[in-house]
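Okay, quick one from me today. Have a look at the sequence and the model on the screen, and then I'll talk about aromatic rings.

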Amino acid sequence: MTPPIRVERLTPALEGAFLALHDDANGAGWCRCVAWWTPTWDGWGERTAAENLALRRALWAAGEHDGLLALVDDLPVGWIQAGPRDRLGKLTRQLELEPDPDTWALSCVLVAPAWRGRGVARALVQGAVDALAADGVGRIEAYPRTDGGSEPGDLWTGPARAFAAAGFELVSAGIPRSVLALEL
């Protein structure tokens with residue numbers, strides 16, 4: 001039986017939990033969930049873990065705590081990046097999205113390998129939806145891989161079934177990522 005999964009907004013007090021989850025043991029010690037924050041994919045693969053960590057820390061220093069953590073007791077088991085969509089220029093350009101300052105994005109999902117298949121992704125998506133609805137957000141988008149990629153590394157924008165379970169609907173089909181949306 002899976003213990004209760006608690007979903008909490010990332011705060012300065014939870015930065016250590018974020019870093020504990022985004023480590024090499026979970027296959028996430030390199031990215032630190034900054035992929036969409038860099039201006040282009042050019043040179044992305046040549047970036048170092050230290051550069052990505054420095055960017056993550058710079059985001060925090062600027063007050064950008066851009067997501068929610070899933071915790072079991074105090075153990076971080078998952079992460080979902082959430083924030084205003086248009087702040088991620090690379091995402092909007094890649095998916096050819098028109099500017100919309102009222103749309104928020106669920107743009108990355110990470111579940112620790114030992115916790116995959118135990119409802120963490122669904123809890124993260126629903127927790128993000130609930131938190132954003134409470135904040136008065138009217139529209140949320142997600143960008144799951146829809147070209148058949150099924151390895152965990154392919155699913156870094158989240159599994160489509162977790163978004164479907166929360167009521168997201170297809171806006172535009174694309175390869176490798178589609179756009180799903182939920183009107184709140």
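So, ring pairs tie W30, W36, W41, W44 and W156 together into a cluster. By a pair I mean Phe, Tyr or Trp rings (for Trp, the six-membered one) with centres within 6.5 Å; planes under 30 degrees apart are stacked, over 60 edge-to-face, and the rest tilted. This is a predicted model, so local features need pLDDT of at least 70 and side-chain atom pairs count only at pLDDT 80 or more, while totals for chains, interfaces and linings use all residues. Residues are numbered from 1 along each chain as its sequence is written, and side-chain values use heavy atoms, with hydrogens and water left out.

Take F18 and W60: they're edge-to-face, 5.3 Å centre to centre with 80 degrees between the planes. That pair links distant parts of the chain, with F18 in helix α1 (residues 15-21) and W60 in helix α2 (residues 49-61), 42 residues apart. F18 and W60 are both buried, meaning under 20% relative accessible area; exposed is over 50%, and partly exposed is in between, with a 1.4 Å probe and protein chains only.

Now W36 and W156. Their ring centres are 5.4 Å apart and the planes sit at 40 degrees, so this pair is tilted. W36 is in the loop between α1 and α2, W156 in the loop between β5 (139-142) and α5 (160-165), and they're 120 residues apart. W36 counts as buried because its relative accessibility is 2%, whereas W156, at 25%, counts as partly exposed.

Zooming out: the chain has five helices and seven strands, running β-α-α-β-β-α-β-α-β-α-β-β from the N terminus. Buried residues make up 47% of the 184. And of the contacts (heavy atoms within 4.5 Å) between residues at least 6 apart in sequence, 63% join residues at least 24 apart.

Definitions and conventions: Helix = DSSP H or I, 4+ residues; strand = E, 2+ residues; numbered from the N terminus.
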